[in-house]
Amino acid sequence: MKVASLHIHPVKAMRAVDLTRAKLETRGLENDRRWMVIDAAGNFMTQRKRPLLATIAARITENGLSLSVDGGGVLDVARPDAARRRDVVVWDSTVSAACAAPPASAFLSDILGEEAHLVFMDDEARRMKDSMWTPSPEPVSFADAFPVLVTSTGSLAALNRDIEAHGGAAVPMARFRPNIVVDCDEDWPEDNWRRLKIGGVELDLVKPCDRCIVTTTDQRSGARMGPEPIASLARIHRSTDPRIKGVIFGMNAAPRALGDIAVGDSVEAS
């Protein structure tokens, strides 16, 4: 098996950035989900309720971030001053994050049609994921669950066979917003993986990833595309673990040995 592709999402819920090489850190791939959009109350925003976030591209720059929308403007956002902070909420975590300057708020509020602000998880920010799935809390970015999300080409092929057999159109891997995609021919192989080794990098696969309406969202237009892939996953890949309700695709992972990963690297699973 090999690494088929690598992806980061510099701003949680915005478009992915495809990479040929990435550095694995304790909180996940470098620059992945270190920025986040919040509402007026400081609560995190995602495509679950704001699918228009998929229309915004975020690119890491030397000094911070560049935001853009198709056919619209571009805004350069400087990495925030650590002194300007606020508490923000992502799921059950409260994090002291650095606040981007007001132009970022105006840019995002105009696109989303409601008050919105941009925050950054700098080196002073701390978020520890306390979970039944790991023996101790894990450091994590603004990601939903764990530092890294792993999927496989074999699972996507199995899913799309079922979708097409029921008259639907195949879905792209981008709908699942993974970090590491492993190239393999087996159907649903990650269900049985417990650890991955990619060169000197090691990852524990700790929890199946339960899926929601975001997977039905076109990752460029923000349009909801119908019942797939949720309908197919409900037929063929529901969770059998009583701790997870609903459908699953991919595995959440926690770093155990850090380092660089590149597309084409060999992958060993155990």
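## Terms and model

A residue counts as buried when its relative accessible area is under 20%. This is a predicted model.

## Overall build

The protein holds three helices and 20 strands. Its radius of gyration is 18 Å, close to the 18 Å that the globule rule gives for 270 residues, so the protein is as compact as a globular protein of that length. The C-alpha trace spans about 50 × 40 × 35 Å along its principal axes.

Buried residues make up 54% of the 270 in the protein.

## Surface and charge

The protein carries 34 positive and 37 negative charges.

## Helix α1

Helix α1 covers residues 102-112. Its buried residues are Ala104, Ser105, Phe107, Leu108, Ser109, Ile111 and Leu112. An α-helix has 3.6 residues a turn, so residues three or four places apart point the same way.

What covers the buried residues of α1? Strands are part of the answer: the cover includes β5 (35-38), β6 (56-60), β7 (64-69), β8 (74-78) and β11 (117-120). After α1 comes glycine 113. The phi of this glycine is positive, near 75 degrees.

Definitions and conventions. Residues are numbered from 1 along each chain as its sequence is written. This is a predicted model: local features need pLDDT of at least 70, side-chain atom pairs count only at pLDDT 80 or more; totals for chains, interfaces and linings use all residues. Side-chain values use heavy atoms; hydrogens and water are left out. Helices (H or I, at least four residues) and strands (E, at least two) are DSSP runs, numbered from the N terminus. The radius of gyration is taken over C-alpha atoms; the globule rule is 2.2 Å times the number of residues to the power 0.38. Buried means under 20% relative accessible area, exposed over 50%, partly exposed in between (1.4 Å probe, protein chains only). Lys and Arg count as positive and Asp and Glu as negative; His and the chain ends are not counted. The place of a charge is taken as NZ of Lys, CZ of Arg, CG of Asp or CD of Glu. Contact means heavy atoms within 4.5 Å.
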